[in-house]
Amino acid sequence: MYEQALKGQVKEVRPLHIGPYRITAPFVGAPMAGVTDKPFRSVLQDHNCPLLFTEMISDKALTYGNTNTLELLDISGEKRPIAVQIFGSDPDFMAKAAELVEKHEPSIIDINMGCPAPKIVRNQEGSCLLKMPERAVEIAQAVVKAVQVPVTVKMRTGWSKGQIVAPELAKRLEDVGVQAITLHGRTRDMFYSGKADWSLIQQTAEAISIPLIGNGDIWEPEDALRMLEETGCAGVMIGRGMMGNPWIFSRLLQWMETGNMPPPPTALERIEQALIHLERMVKQKGEYRGVREMRSHIAWYLKGIAGASKVRSAVNEAPDYDAVVSLLKDYRKRMEASL
Ligand SMILES: Cc1cc2nc3c(=O)[nH]c(=O)nc-3n(C[C@H](O)[C@H](O)[C@H](O)COP(=O)(O)O)c2cc1C
């Protein structure tokens with residue numbers, strides 16, 4: 001069906017297979033600390049995001065039973081498949097953490113080998129593992145042995161331009177039983193700047209026989225199809241392009257189903273979505289935290305709408321839920337009047 005609909009634009013869009021899961025539309029929401037919490041995941045699910053990841057969760061915090069960590073791990077009542085991402089540097093701790101995570105019945109356990117943050121790298125976690133391939137492989141092997149669910153890895157291309165490891169490391173991870181790899185086409189020392197190198201996504205996809213999910217610089221639905229086409233990857237993961245923009249998934253899916261690209265959301269739809277998200281956030285995290293944690297999401301939803309910067313500043317000062325709701329509703333009224 002998809003081949004038909006996309007004729008002339010993309011040769012074909014195949015389902016993404018990870019272990020026992022067949023994900024018909026191969027588009028994935030990225031794990032993002034401080035962004036992909038339970039309320040935002042519910043918004044992404046409303047927009048039919050085919051596969052979601054939690055925020056990254058520390059192996060140590062998990063094994064020490066830290067209460068904030070239990071909140072990060074709460075995937076109860078959410079649609080499957082869903083992946084829980086863990087990070088750490090010690091194979092035994094990671095195996096223990098994975099066992100604890102498995103009790104919450106995720107579909108997939110993902111290992112973070114890409115986070116560039118100094119406080120993570122200092123502990124030999126995240127992208128630091130790209131400099132320690134032996135350790136990276138030991139961690140993956142220990143986690144694979146510890147759990148029944150499929151284990152995947154998300155990584156960057158290497159530590160720096162002169163130290164590219166993705167194709168070789170991906171192969172070694174496959175050899176110890178990892179069932180899919182996500183590759184963000186940047187090195188650690190690029191952080192989030194510059195352009196993701198899609199040619200390394202292609203090279204890595206060719207080096208392995210498990211699915212490679214490409215990641216980096218997908219802003220519009222068209223970019224996702226371009227990545228599939230240009231790199232031959234099995235799936236595409238979207239990060240910053242879904243912030244304030246869950247429609248990127250619903251538009252992609254509708255495009256695949258009908259052959260017609262739906263228009264981007266209107267200003268009214270974006271304000272409406274911000275209100276729904278705010279309500280869920282406050283319900284989940286309480287008024288004080290919910291109102292504060294929504295500020296960045298509201299800024300992303302309103303980005304580019306006329307008059308948004310004033311509303312955003314007011315939202316950032318608003319003390320409680322009712323105040324934010326009335327700012328958004330007033331804004332919606334003004335937008336309606338201007339139509
Ligand atoms: C605010 C923020 C938080 C992130 N948190 C995580 C995380 O918890 N785990 C992870 O593997 N990657 C994390 N990433 C990286 C993204 O998953 C993704 O690899 C990166 O943003 C590149 O994709 P993009 O160009 O589509 O944004 C984060 C990125 C951002 C901007």
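Biologist: What does UniProt list for residues 30-324?

Modeller: The unreviewed UniProt entry lists "domain: DUS-like FMN-binding" for residues 30-324. That label comes from the record and may be inferred rather than shown by experiment. The coordinates here are a predicted model. Over residues 30-324 the chain is 48% helix and 15% strand, and the end C-alpha atoms lie 28 Å apart.

Biologist: How is the chain divided by the domain assignment?

Modeller: The assignment gives domain 1 as residues 2-258 and domain 2 as residues 267-337. Their centres, taken over C-alpha atoms, are separated by 29 Å.

Biologist: What makes you say that domain 1 and domain 2 are in contact?

Modeller: Contact requires heavy atoms within 4.5 Å. By that rule, 16 residues of domain 1 are in contact with 13 residues of domain 2. The area buried between the two domains is about 1300 Å², and carbon and sulfur atoms give 57% of that area.

Biologist: Which three residues supply 36% of the area that domain 1 buries against domain 2?

Modeller: They are Pro-39, Glu-71 and Trp-247, and they supply more than any other three residues.

Biologist: Why is the pair Asp-37 and Lys-285 called a salt bridge?

Modeller: The rule asks for a side-chain nitrogen of Lys or Arg within 4 Å of a carboxyl oxygen of Asp or Glu. For Asp-37 and Lys-285 the closest N and O atoms are 2.8 Å apart, so the pair meets the 4 Å cut-off. Between domain 1 and domain 2 the count is 3 salt bridges.

Biologist: Which helix gives the most to the side of domain 1 that touches domain 2?

Modeller: Helix α2, residues 38-46, does, with 6 residues. The residues on that side of domain 1 divide into 7 nonpolar, 4 polar and 5 charged.

Biologist: What makes Lys-38 and Asp-74 a salt bridge?

Modeller: Their side chains meet at 3.4 Å, N to O. The cut-off is 4 Å, so this pair also qualifies. The pair links distant parts of the chain, with Lys-38 in helix α2 and Asp-74 in the loop between α4 (67-72) and β5 (82-87), 36 residues apart. By this rule the count comes to 16 salt bridges.

Biologist: How do you know that the peptide bond from Arg-80 to Pro-81 is cis?

Modeller: Its omega is near 0°. Pro-81 lies in the loop between α4 and β5.

Biologist: Where is Tyr-192, and which residues does Tyr-192 touch?

Modeller: Tyr-192 is in the loop between β8 (180-187) and α9 (198-207). Leaving aside residues up to four places away in sequence, Tyr-192 touches Pro-116, Arg-156, His-184, Arg-186 and Arg-240.

Terms used: Residues are numbered from 1 along each chain as its sequence is written. This is a predicted model: local features need pLDDT of at least 70, side-chain atom pairs count only at pLDDT 80 or more; totals for chains, interfaces and linings use all residues. Side-chain values use heavy atoms; hydrogens and water are left out. Helices (H or I, at least four residues) and strands (E, at least two) are DSSP runs, numbered from the N terminus. Domain bounds come from an automatic or database domain assignment. Buried area is the accessible area (1.4 Å probe) that two parts lose on being put together, summed over both. Ala, Val, Leu, Ile, Met, Phe, Trp, Tyr, Cys and Pro count as nonpolar, Asp, Glu, Lys and Arg as charged, and the others, Gly among them, as polar.
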